[in-house]
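Keep the 3D view open as you read.

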Amino acid sequence: MAMRIDIPATTPTRTIAAVTSMLWEDLVNNPKKGGGEYINRKKIQCAEKMIRGAFVELYRGLGLLKTYSSLNMVAFTKILKKFDKVANQKASTSYLKVVKRSNFISSDKVVRLMDEVESLFTQHFAANDRKKAMKFLKPQHNKDSHMVTFFVGLFTGSFVTLFSVYAILAHLSGMFSPGIEASYMETVYPVFSMFALLSLHLFMYGCNLFMWKSTRINYNFIFEFQSSTSLKYRDAFLICTCLMTSVVGAMVIHLILLSTGFPPHQVDLIPGILFLCFVVLLICPLNIFYRPTRFSFLRVIRNIVCSPFYKVLMVDFFMADQLTSQIPLLRHMESAACYFTAGSFKTHRYETCKSGKMYRELAYVISFAPYYWRAMQCVRRWFDECNVDHLANLGKYVSAMVAAGARLTYARQPSQFWMIVVLATSLFATVYQLYWDFVKDWGLFNPKSRNPWLRDDLILKNRGIYYGSIALNFVLRVAWVETVMRYNIGIFESRLIDFLLASLEVIRRGHWNYYRLENEHLNNVGKFRAVKTVPLPFRETDSDG
C-alpha cells in the first residue's frame, strides 16, 4: 500500500486544483508504474494546513481528557468527604488509595502524548518557537473589559437622547405632514430603516450570546469560532449601540439641515455617506473594530453567495437562515443603491427607480436570493452526506420562494386570483416551516418524551418556557397574513407597518436561534462530540497502481 495526498474539494479553488492535478497526471506527466506522484506547491500548503489543524484538535482533545481525569478525582474525593461527614466514618482513606493507584488517575500517558504533540508541532509548524506554537495549541482567552460595558451604557444613553430629540424635531417641523412625508419616506426611510433592522439583529444576537453563555451552550465549538477572537455578548451590544447612535445622530443632522432650508439633493447625501462609511469600515484591512469578526463575516457571506461550491459548515447555513429573515433589509439596500447610484438624489425624483423595469425584476431576485442560497446549501449537504432530510429541507425553501414571489406579485397586481394564490402558497409554506422549526430544528414534539411533547433533555428547567416559545414562534410565523389585508392608510402608516413586521421577523429569528443551538448542543453532548473531526490529507492507494 502507498499513501497519496488527497485534498477534500471543500472550496471551488480546491476543486479546480484537484481536477487540474488529475489532468496533469493523466495527460501531461503520464506517470508510469512506480514513477511517483506529481505534487504541486498548492497541494502541499493545503495538506500542511490540514495536518496543523489536526494537531491542534488532537492537543485539545488530550487536554480535555486530562481535565476529565482530574475533575473525576476531585469529585470522588468530595463525595467521600461528604460520606465521612454524614456517616461519621473514616472510609475515604482506603478508597482513595485504590482510586489513586488506578490507571485512570496514575497513568501519565496523556501528559506524555501532549508533550510529544507539543514538541512535534513546535518543530514542524512553528520553526522551533515554542511561544508561537502555544498560540495555536493554547490560545489565550481575552478578558472582558469594563470599558466595553461603559461604552455600551454611554452609547445607549446617547441613542435614547438623540432619538427623543429627533422625535421632537420631526413633530415641530411637520416632517410627517401629508405634503412632506411621501418624499421623506421614499428617500430617507430605506437607508435608516436598513440600519435599524441591522442593529436590531445585532441586539438579538447579543441576547443570544448572553443566553448561550448563561446556559453553558458551547457556541464557539458549534460555530468553529476561535475563542480568542470570537465576539462576546458585550461586544455585540457595543456594535449595536454604536451603530444606532451614529444612525440616529445622522437622522437628527439630516432633519435639522432640511428644516433650515438646505436643498434636499444636498441633505440627502447624508444617508449615502453614512452607508458608504459603514461599507468602508466593514472591509477595512486595518486591525481595528473587530477585524477578525468582520473578515469572518465576509468569508461566510462569500460561502453563502457561492453555494453550493463551498462545503457547508454550521456557521454558513446558520447565517443563511438569518438572511432569509432580512429580505426587507435587502430590499431597502436595493432602493438606496438605486437612489444614489442612478443620480436620483440630484433631482430628488424618487419615482425614477420604482418605475424602472430592471428595478421591479431585481426585487424578485432579491426576494428569492436568500432562499435560493439556503436551498443550494441543502443540495451540497445532501451531496456530501447522502441524507434525504436535506432534500426535504430543500423543499421548505422552494415553497418559501414560491410564496415570496406570489406575495410580491399580489402587492403589484392586487386581484382576487393572486390573493387566492398568496393564501394557498403562504399557508403551505408556513405549515412546512413550522413543522421544520419545531421537529427538526428544535427537536420538540416527541410524543414519547418524559417532558410531554417536548424532548427528553431540556437545558431550561421551566418547561412552560418551551410551550410559550412554541406559541410565540407560531404567532410570528403567521404575521404574513397582514400583507394580504389592504388598509386605506397613508404612506407613513404603511411604512411603519412594514417596518414593524420586518422587526417582528428579526425578533422571531433571534428567538429561534437560541433553541436551534440548544438542540445542536444537546446532540453534541449525546454523541460525546467535544473536538472537531479534522480529515487528514492522505489516502491509501495500491502501490502497484
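A charge sits over a ring if NZ of Lys or CZ of Arg is within 6 Å of the ring centre and within 35 degrees of the ring normal. The charged end of R509 does this over the ring of W512, 4.6 Å from its centre. K440 places its charged end over the ring of W436, 5.8 Å from the centre.

This is a predicted model, in which local features need pLDDT of at least 70, side-chain atom pairs count only at pLDDT 80 or more, and totals for chains, interfaces and linings use all residues. Residues are numbered from 1 along each chain as its sequence is written, and side-chain values use heavy atoms, with hydrogens and water left out.

Now turn to rings that meet rings. Rings of Phe, Tyr and Trp (its six-membered ring) pair if their centres lie within 6.5 Å; planes under 30 degrees apart count as stacked, over 60 as edge-to-face and the rest as tilted. The structure holds 30 aromatic pairs. One of them joins F121 and F136: the centres are 5.9 Å apart and the planes are at 55°, so this pair is tilted. It links distant parts of the chain, 15 residues apart: F121 lies in helix α5 (residues 109-125) and F136 in helix α6 (residues 130-137). Helices here are DSSP runs (H or I, at least four residues), numbered from the N terminus.

F121 is at 0%, so it counts as buried. F136 is at 34% and therefore partly exposed.

Y205 and W212 have ring centres 6.3 Å apart and planes at 80°, so their pair is edge-to-face. Both residues are buried. Y205 and W212 also belong to one aromatic cluster with Y219, F223, F225, F318 and W512. W512 is the residue whose ring lies under the charged end of R509.

Methods: Helices (H or I, at least four residues) and strands (E, at least two) are DSSP runs, numbered from the N terminus. Buried means under 20% relative accessible area, exposed over 50%, partly exposed in between (1.4 Å probe, protein chains only).
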